[in-house]
Amino acid sequence: MAPLTTPLHSWHTQHGAHMALFGGYDMPLWYGSAKDEHLAVLTHAGIFDTSHMAAVLVDGPAAEDLLQFCFTNDLAACLGPDKAPLRPGRAVYGAFLTAEGHVLDDAIVFMLAAEAYLVVVNAGMGQRVAAHLDRHREQHDVQVHDLSGQFGKMDVQGPMAAHVMRDVLADPDAVFEAMPYFAFKGGIGGTMPACGHVRTRDGTPLLLSRTGYTGEFGFEIFTSADTIVGVWETIMAAGAHYGALPCGLAARDSLRAGAVLPLSHQDIGDWPFCNHPWPFALPYKFGTGDFSKTFLGDTALKTDRAPHTYPFIGENLRKVTPPAEVRDTTGRVIGDVLTCVTDMAIGWHEDRVLSIGSPDAPQGFTPGGLCCGFVRVANPLPLDSRLLLKDQRRGIDVRIVADIRPDRTARKPLPMMLQPKEA
Amino acid sequence: MKELSEINLPEDVRYTKDHEWARKKGETFQIGITDFAQDQLGDIVFVELPEPGDRFESGEEFGTVESVKAVSELFMPMGGEVAAINEALEDAPELVNTAPHTEGWMLELKASDPSEYDQLMDRAAYLDMLKGLEE
């Protein structure tokens, strides 16, 4: 089968991108330098084509019930420390599970309006997730539409992202008002429900969301498939004034791993979706191991036999290539490596990890990069456990950590990111 | 990604199907990876090389180059004993990206059979092979 392409495919090839197949799409891996692109998201901004991602519209009176049964997060109790219900203009992360508790895909659910949700899933997954939801719809009054191919999507991520978008948007002050992490405004256009209006200066409708998959401050931007190229070019031109670079999937992968975010079908997949660093994707009642709702796959997550997933950091930038095994200090094989990449923005300084974005990094701190990722092991491990990761070529020493790249900006208040940068 | 016409392929080296090159330098041979290989690998952040004195057969793995995303093997164009390694790559692995055929050389080899050099591809043959890969 010929690879699928996004509407930006010819832009990528004309701008010298190294292309590779991902999720059935021919996508840019990097343009000039994956390292520079990774660092740009920490220091300025990076602009990613994410039009390969799929989306499903779920609407109708029973839309919430269907998602409550199929999605792991509790739409009635997911916002903020008080676990308020999801409301229009807010989004939430979670996953769709099989009855066995395995991951069909992870997703962000955007509540567009009462009874209307945009469910954004991974490349090539629109049809499967739509079919899965349709199967569990039963007789309820809810429609499920696979929107694959009907919209374009790009992400602007990094400390200068709000500056870039201020130059692109019509009425940016109104758009930026009350836009915390995981809030969104606007809509894709056409007949789809929208949360108010977000438009570019030339009037193109956008859905602008304070989300992304890099761990850094920024936006995901949705627009229709026939306007994405124009929006991309407008944002690239604005971004050039702020040091923004177009970024490929290599930088996206190393950024998300450093931000302790899973890659679907690699770090989460055909094993129970529990015992992992993403408890916020499950409907835990505060301070308990109990769920606040019942959902597809929930009983399977109560097993004692599910493997445990942990983030790790290496001593330096050197990696292993999966398939690779995880050994404890006695040499016993206890699991396998899910992701192993290099985050080039971090390094050890004395006894802790610093990032080039760390406000307390010493003058002239130049990180050498650190190997990081996720391991899956049979039994629980304490923090700071030392492990050996071994592929067919080499072994590397790593330790289990709670977090990887420090001082990430994703949750910073938007007004703070609009303040002029100190010289 | 570089177009084939943009790939720098010097005339004074011989090439392998694994995208290494060898250059005759007096009694020894200098070894490295080609401009095509570095362009495919992307940013090189670490080069793992053997020790002087180590011996390898032709085609044997002698080290790895590590990009942000992946680790790739390096294969000997010729058999022999490592006479020297390019120590500059320890602090500046990016030399393999910026100057793959010059400052980004990897090691010097005392060949056990210098005639192996003549069996490697010349520039025209290597370029033909690259054209075949593109199709």
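This is a predicted model: local features need pLDDT of at least 70, side-chain atom pairs count only at pLDDT 80 or more; totals for chains, interfaces and linings use all residues.

Start with chain A. Chain A is split into domain 1, residues 29-302, and domain 2, residues 307-407. Taken over C-alpha atoms, the centres of domain 1 and domain 2 of chain A are 27 Å apart. Across that boundary, 19 residues of domain 1 of chain A are in contact with 22 residues of domain 2 of chain A. Which elements give two or more residues to the side of domain 1 that touches domain 2 in chain A? They are helix H2, 34-43, and helix H8, 249-258, of chain A. H2(A) supplies the largest share of that side of domain 1, five residues. By class, that side of domain 1 of chain A has eight nonpolar, eight polar and three charged residues.

As a general point, nonpolar side chains in soluble globular proteins tend to be buried together. Here the largest nonpolar core holds 165 residues, and those touching the most other members are A:Val58, A:Val109, A:Tyr117 and A:Val119. Strand S6 of chain A, residues 103-113, gives the largest share of this core, eight residues. Why does this core lie between domain 1 and domain 2 of chain A? Because domain 1 (29-302) and domain 2 (307-407) of chain A both give residues to this core.

Take A:Val58 as an example from that core. Setting aside neighbours within four places in sequence, A:Val58 is in contact with A:Ala63, A:Leu66, A:Leu67, A:Tyr117, A:Val119, A:Leu133, A:Val142 and A:Val144. Two of the names in that list, A:Tyr117 and A:Val119, also came up among the core residues that touch the most other members.

Next, chain B. 11 residues of chain B are in contact with 20 residues of chain A. On the chain B side, strand S4 (44-48) and strand S6 (61-67) of chain B are the elements that give two or more residues. That side of chain B divides into six nonpolar, two polar and three charged residues.

Last, the loop residue. A:Arg393 sits in the loop between strand S20 (386-390) and strand S21 (395-400) of chain A. A:Arg393 has 13 other C-beta atoms within 10 Å, so it is partly exposed. In sequence A:Arg393 and A:Thr321 are 72 residues apart, while in space they are 8.7 Å apart, C-alpha to C-alpha.

That is all I have; questions are welcome.

Methods:
Residues are numbered from 1 along each chain as its sequence is written. Chains are lettered from A and ligands numbered from 1 in the order in which they are written. A nonpolar core is a set of buried Ala, Val, Leu, Ile, Met, Phe, Trp, Tyr and Cys residues joined through C-beta atoms within 7 Å. A residue is buried if 20 or more other C-beta atoms lie within 10 Å of its own, exposed if 12 or fewer, and partly exposed in between; C-beta atoms are placed from the backbone. Helices (H or I, at least four residues) and strands (E, at least two) are DSSP runs, numbered from the N terminus. Domain bounds come from an automatic or database domain assignment. Two residues are in contact if their C-beta atoms, placed from the backbone, lie within 7 Å. Ala, Val, Leu, Ile, Met, Phe, Trp, Tyr, Cys and Pro count as nonpolar, Asp, Glu, Lys and Arg as charged, and the others, Gly among them, as polar.
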